[in-house]
Amino acid sequence: MRAKPSAERLSLLLGLAAVMLVTLPRYYAGGHSSHISLMLMALAVVVVVSVLQWRQLADEARARLPALLRRLGLSLAVGLAVMLGWHALTSDFFGWELVLSHGATLGLLLHALWLWVRVPR
């Protein structure tokens, strides 16, 4: 059985693309050019899938998307704030690339958990 496209899935895909984008500076600072190449290829696939999902969304799902994207933005900001505090308390030195990468990852996880709890089944 094939799952229907939903605004929630699209918001998660866009969050995944954001996490992939903010991870690139971390790989660049570490000199991991092969990681950057792989991440860009994977990012291209996520973008193509996101566009295909958007095209298949019903009008009512498209109407729900702005609220979900605001929720995603809030989750990313909370994740960034938590990781900034965590790294400030537990490590002597941390780069902004690491905090941004970890914060975005935590934010996406928070968004996914928020959707999992909120979405009616």
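Reader: Which residues form a nonpolar patch on the surface, and what makes it a patch?

Author: This is a predicted model, and in it the patch consists of Leu-74, Val-78, Val-82, Leu-110, Leu-113, Trp-116 and Val-117, which together have about 660 Å² of accessible area. The label rests on residues with over 30% relative accessible area and no salt bridge, whose nonpolar side chains are joined within 5 Å. Helix H3 (59-90) and helix H4 (96-118) each supply at least two of the patch residues, and H4 gives the most, with four.

Reader: Why is Val-117 called exposed?

Author: Val-117, which lies in helix H4, has a relative accessibility of 65%, and because the word exposed applies over 50%, Val-117 counts as exposed.

Reader: Why does Ala-67 count as partly exposed?

Author: Ala-67 is found in helix H3 and has 36% relative accessibility. Buried would require under 20% and exposed over 50%, so a value in between is called partly exposed, and that is how Ala-67 is classed. The C-alpha atoms of Ala-67 and Ala-7 are separated by 9.8 Å, although these residues are 60 apart along the chain.

Reader: What makes the largest nonpolar core a core, and which residues make it up?

Author: A core of this kind is a set of buried nonpolar residues joined through side-chain atoms within 4.5 Å. Here the largest one has nine residues, namely Leu-13, Ala-17, Met-20, Leu-24, Tyr-27, Ile-36, Met-39, Leu-43 and Val-46. Helix H1 (7-30) and helix H2 (33-56) are the elements that give two or more residues to this core, with H1 giving the most, five residues. In soluble globular proteins, nonpolar side chains tend to be buried together.

Reader: How do you know that Arg-62 lies over the face of Trp-54?

Author: The distance from Arg-62 to the ring centre of Trp-54 is 4.3 Å, and the limit for a charge over a ring is 6 Å, with a further condition of lying within 35 degrees of the ring normal. Arg-62 is therefore counted as lying over the face of Trp-54. The charged end of Arg-71 likewise sits over the ring of Trp-114, at 4.9 Å from its centre.

Reader: How many aromatic pairs are there by the rule used?

Author: The count comes to zero, where a pair would need ring centres within 6.5 Å.

Reader: What is the order of the elements along the protein chain?

Author: From the N terminus on, they run α-α-α-α, for the chain has four helices and zero strands.

Technical notes
Residues are numbered from 1 along each chain as its sequence is written. This is a predicted model: local features need pLDDT of at least 70, side-chain atom pairs count only at pLDDT 80 or more; totals for chains, interfaces and linings use all residues. Side-chain values use heavy atoms; hydrogens and water are left out. Patches are made of residues with over 30% relative accessible area and no salt bridge: like charges are joined within 9 Å, nonpolar side chains (Val, Leu, Ile, Met, Phe, Trp, Tyr) within 5 Å. Accessible areas come from the Shrake-Rupley method with a 1.4 Å probe; for residues, only the protein chains shown count as cover. A salt bridge is a side-chain nitrogen of Lys or Arg within 4 Å of a carboxyl oxygen of Asp or Glu. Buried means under 20% relative accessible area, exposed over 50%, partly exposed in between (1.4 Å probe, protein chains only). Rings of Phe, Tyr and Trp (its six-membered ring) pair if their centres lie within 6.5 Å; planes under 30 degrees apart count as stacked, over 60 as edge-to-face and the rest as tilted.
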